[in-house]
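Open the model in your viewer and keep the selection panel handy. We will go from stop to stop.

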Amino acid sequence: AISRSTLRHGLNHKAGECIIILIAVFLQKTLETPKEITIFVSVYIIVMELISIIENLDEIGVKIPNWVKTKLLLIVEDHENAEE
């Protein structure tokens, strides 16, 4: 069973992610920050969501190929290394 508080928490989390992307776009347009920052923020959030979806599918017994998990983790590592 899924509780309302869990759904509300998830919805708040997704709304927060959308707001972060909107802030990045706003800063890009108003302060002329590099578009790469907006792209980085967006890709990072998308990859984190994909990893979360794969973890949830794995928990309910859906077989996820190891290469998919490996590729997503490599993308995360590449983006984390790009930050440094």
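Predicted model: local features only at pLDDT ≥ 70, side-chain atom pairs only at ≥ 80, totals over all residues.

Residues are numbered from 1 along each chain as its sequence is written, and side-chain values use heavy atoms, leaving out hydrogens and water.

Colour by pLDDT, the predictor's confidence in each residue, from 0 to 100. The chain averages 88, and 95% of the residues score at least 70. Confidence is lowest in helix H3 (residues 66–83), with a mean of 78, and highest in H1, at 94. Helices here are DSSP runs (H or I, at least four residues), numbered from the N terminus.

Next, select H1, residues 4–30. Its 27 residues should span 39 Å at 1.5 Å a residue, and the 38 Å between its end C-alpha atoms agrees with that; the expected span is 1.5 Å times one less than the number of residues.

Which residues of H1 are buried? They are Glu 17, Ala 24 and Gln 28, where buried means under 20% relative accessible area, exposed over 50%, and partly exposed in between (1.4 Å probe, protein chains only). Show helix H2 (35–59) too, as it is included in what covers them.

Now click Val 25, also in H1. Val 25 counts as partly exposed because its relative accessibility is 32%. Its C-alpha atom is separated by 18 Å from that of Val 47, 22 residues apart along the chain.

Finally, step just past H1 to Glu 32, which takes a positive phi of about 55 degrees.

Key: Helix = DSSP H or I, 4+ residues; strand = E, 2+ residues; numbered from the N terminus. Contact = heavy atoms within 4.5 Å.
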